[in-house]
Amino acid sequence: MGNYYTPHTDEEIKVMLKTIGVSSVEELFKDIKPAFRPKSFKIPDGKSELEVLSHFKKLASSNCAAITKFLGAGFYDHYIPSVVDALSGRSEFYTAYTPYQPECSQGTLQAIYEYQSAICGLTGMDIANASLYEGGTALYEAAMMATRITGKNKIVVDGGVNPIYRKILYSYTKNLSIEFVELSVSHGQSTRKEMFKCIDDKTAGVILQNPNFFGAIDDHTDIIEKTHSAGALAIESVYPISLGILKTPREMDADIVTGEGQSMGIPLSFGGPYLGFMAVKTQFARKMPGRIAGATTDKEGKKGFVLTLQVREQHIRREKATSNICSNEALCAMRAIIYLSSLGKEGLRELAELNRDKAEFAKDVLDKIRGVEVKRSSSTFNEFTVLLPKNADKVVDAMIKHGFLAGLPLGKYYKGMEKYLLVAVTEKKDKRRNRGFCCSAKEGAMMLIFEKSVKGRKGIKLPDRDVPKSKKLDGKYLRKEKATLPEASELDIVRHFTRLSQKNFSIDTNFYPLGSCTMKYNPKFTEDIAKLPGFAELHPLMPQLGSASSLVQGALEVVYNVEKLLAEITGMAEIVTEPLAGAHGELAGIMLIAAYHKSRGNKKKYVIVPDSSHGTNPASAAIAGYELVSIPTAGDGCMDMEAYKAKLTDETAVVMLTCPNTLGVFNTHIKEVTELAHKVDAFVYYDGANLNAILGKCRPGDIGFDVVHLNLHKTFATPHGGGGPGAGPVGVGKKLVDFLPVPKVVKNKDGSFALCENKPKSIGRIAPFYGNFGVILKAYAYIMLLGKDGLIKVGEHSVLNANYCLTRLKDAFDLPYDRICMHEFVLSASKLKNGVRALDVAKFLIDNGIHPPTIYFPLVVKEAMMIEPTETESKETLDRFVEIMLEAAKLAEENPDILKNAPVTMPVSRLDEVKAARELNCSHI
């Protein structure tokens with residue numbers, strides 16, 4: 001028998017090998033020459049579920065998540081209603097992929113549309129995207145958007161913007177010609193005089209935050225007027241809960257709004273996965289990065305939803321794309337819309353008022369303590385600063401012994417504020433804890449949740465106010481109308497999102513042969529591990545608070561161990577887990593290379609990319625400041641070596657490759673490719689999207705790759721969540737170790753774990769914390785469960801399944817590259833009769849309960865159908881898929897209308913995606 005998740009029996013394997021025409025699985029790996037085989041693969045043996053779970057329970061118990069937290073700084077300990085976990089955890093949402101095939105993804109698409117509508121309702125803006133990685137990268141994307149729109153390169157940044165975000169902003173743009181002007185802060189705010197002086201006709205954008213990092217509330221209308229008079233864009237970063245009462249960014253005339261959505265039903269989870277949101281005025285919609293869901297109609301005129309405005313994106317525009325982002329945080333966005341629906345417009349207002357009242361009560365109590373001064377120079381929301389008689393970090397250490405995380409010492413981020421403490425109070429802090437802290441039916445019509453809203457209904461009861469109602473805020477800070485959110489009961493919400501989930505295909509319900517996406521089965525026991533309180537409730541700033549580091553040793557050990565395991569699997573010197581998705585890791589890898597060349601004064605300007613590459617490759621290269629050189633594909637399916645040699649010069653910075661490539665071909669010239677690149681002091685970059693095929697058979701580092709990013713959610717079986725969250729760790733060879741992003745988890749001589757940020761050559765922060773920790777946990781558990789032999793079986797069975805399907809289908813469809821493939825292969829529908837296209841075959845598969853393969857990619861194959869069965873599918877499933885594909889080929893000749901009219905079994909028929917792009921409808925608001 002195979003390993004835990006490879007179901008083939010020995011007899012089935014014999015039948016499949018005979019069908020392919022080889023005598024052993026090893027023959028399928030003949031392109032990976034003996035010289036390419038691993039020098040090392042020191043992965044521990046696999047363990048049982050019980051043993052793995054026990055291991056993680058021990059690690060979780062060494063963390064202290066139950067400590068009372070007055071620590072915020074942009075990441076908050078809010079109550080999460082049970083309904084959020086129950087509905088977002090439905091496998092039809094949880095294990096679905098990015099909804100490229102809209103007819104079998106209507107549940108996810110409608111939920112995203114509703115999420116976008118809610119973000120517009122919160123912010124007052126016109127259009128929101130389907131979410132970004134987190135608040136920091138959302139702010140970076142907004143800054144880049146401002147430079148693209150205005151054609152200018154100066155960004156003015158208020159000093160009250162979250163300093164973690166500012167570090168991310170500067171890290172991303174080190175290799176770009178962008179000028180940042182950062183304003184100083186006094187008493188928690190920048191002066192208008194200094195702000196106005198800095199805004200001029202060279203300014204592309206002005207970045208503001210409300211409430212700012214110190215919790216101070218402001219009305220930025222006058223600053224935004226000045227910004228617009230200079231021909232610049234106003235970017236506002238917001239705390240979504242505060243928008244229950246505060247004036248909206250639109251009421252201040254902001255152009256782009258971003259923020260961190262963690263407070264909307266997402267656990268702290270030691271730093272991720274989180275949710276970055278973005279909303280804009282209508283005129284900027286087509287310049288906005290990331291995914292956007294839009295409403296349209298099907299062939300019968302029924303309303304439906306699609307991903308729209310895709311012509312902006314990397315898979316179409318490549319190096320000319322608005323961003324290299326190719327996913328969104330769909331599962332986190334799902335949690336946010338369920339959370340906001342539970343609150344409703346009235347509940348959000350009450351929650352915002354409750355948070356502020358509790359903070360004001362805490363201020364009053366603290367102010368009575370001798371030697372403590374609450375800074376009251378400005379109005380605040382639920383966070384405020386306190387001046388202490390001694391250094392704040394010493395007070396924080398002392399309070400930890402009494403069971404409290406007192407707040408964030410501000411001296412870490414602002415010089416001269418060593419005695420200041422930033423304190424956050426949420427609805428979870430009752431009066432006692434405050435004192436303790438101070439002392440010690442039309443579902444077929446696709447109705448939106450907004451359309452089911454009934455005035456006055458609520459889906460959650462908030463805690464009773466146990467503190468006095470605080471003094472009302474000055475009216476200039478308040479929004480004119482309540483946020484436009486649904487008002488629904490818990491049962492309304494449960495039925496609505498349950499029915500939405502039933503409109504989806506997902507890996508738990510359907511076969512998903514989606515090429516290059518590795519839609520394998522996701523083990524269920526890893527979800528229990530990620531939900532352990534010792535992991536899910538950890539605040540990510542705890543390791544940076546002196547003795548609080550001792551309370552998160554288990555979490556730090558997880559990050560350390562995962563990095564070591566992934567370095568061994570890939571053959572790299574070191575790996576870091578910070579990148580939040582594959583494309584994010586890819587951009588980080590190019591930034592590392594750029595930093596190296598810059599440090600040595602190398603005049604490098606080109607990135608070589610095969611024409612069969614993923615669209616993120618050229619997009620990442622362009623965003624990092626390089627020019628693209630595209631190399632054609634040769635007759636064997638590999639990069640044309642003669643063209644490569646002709647284009648490789650001393651000005652080449654990096655060669656980006658996927659190996660095996662998107663045609664499913666392992667490049668037999670790979671060693672020559674890497675050696676030639678190194679001769680001109682260029683690096684070779686490994687796109688890890690297809691690592692699944694070569695686990696244990698070949699390590700990128702052993703064949704000359706210098707940088708690698710991994711897609712943990714693909715290779716190591718974590719749910720895709722309808723588009724995210726993922727994780728994209730990046731690894732490097734020895735020459736680039738010093739440039740890796742910070743912070744880095746290190747192991748001390750005494751066996752304890754700590755963070756290291758003292759790396760002068762580092763590219764800096766590319767994410768707020770340590771990566772999508774919840775995803776990293778699941779991938780670690782998966783690796784432990786399978787062990788060395790199990791991981792090798794993953795590669796073997798994924799390649800076996802692909803070649804079995806290829807052999808059975810190649811006579812019915814055009815096969816552009818007729819050779820043994822790796823984990824995936826590409827067929828073409830170009831020779832089907834009667835004008836039947838790949839799209840028609842895809843929609844026919846939907847009617848037969850199978851998610852279509854990736855179509856029209858790679859771009860080098862006309863009418864491409866890219867098929868990846870993965871190792872977890874049984875022979876019975878593969879046989880059924882093959883028979884339906886053969887039936888499609890036969891129908892193309894005998895009854896093509898069946899294909900051209902498909903799908904007919906879904907909630908909607910074929911949707912009009914062109915209409916969605918032309919008649920933009922991305923929000924119900």
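In β8, G276 is the bridge partner of E260. This model is predicted: local features need pLDDT of at least 70, side-chain atom pairs count only at pLDDT 80 or more, and totals for chains, interfaces and linings use all residues. Residues are numbered from 1 along each chain as its sequence is written, and side-chain values use heavy atoms, without hydrogens and water.

Strands (E, at least two residues) and helices (H or I, at least four) are DSSP runs, numbered from the N terminus. Two strands pair if DSSP finds at least two bridges between them.

| Partner of β7 | Residues | Sense | Bridges |
|---|---|---|---|
| β6 | 233-238 | parallel | 4 |
| β8 | 276-280 | antiparallel | 5 |

Buried means under 20% relative accessible area (1.4 Å probe, protein chains only). I256, T258 and E260 point one way; V257 and G259 point the other way.

Now the pocket. The second largest pocket has a volume of about 860 Å³. That volume is the space filled by probe spheres set on the grid points. Its lining counts 41 residues, with D85, P267, R335, K531 and A536 nearest the centre. Elements giving two or more residues to this lining include α3 (82-88), α11 (330-367) and α23 (773-809). The lining divides into 18 nonpolar, 13 polar and 10 charged residues. Lining residues have an atom within 4 Å of a point on a 1 Å grid; a pocket is an open set of points where a 1.4 Å probe fits, with protein on both sides within 12 Å along at least five of seven lines.

Conventions:
Ala, Val, Leu, Ile, Met, Phe, Trp, Tyr, Cys and Pro count as nonpolar, Asp, Glu, Lys and Arg as charged, and the others, Gly among them, as polar. Buried means under 20% relative accessible area, exposed over 50%, partly exposed in between (1.4 Å probe, protein chains only).
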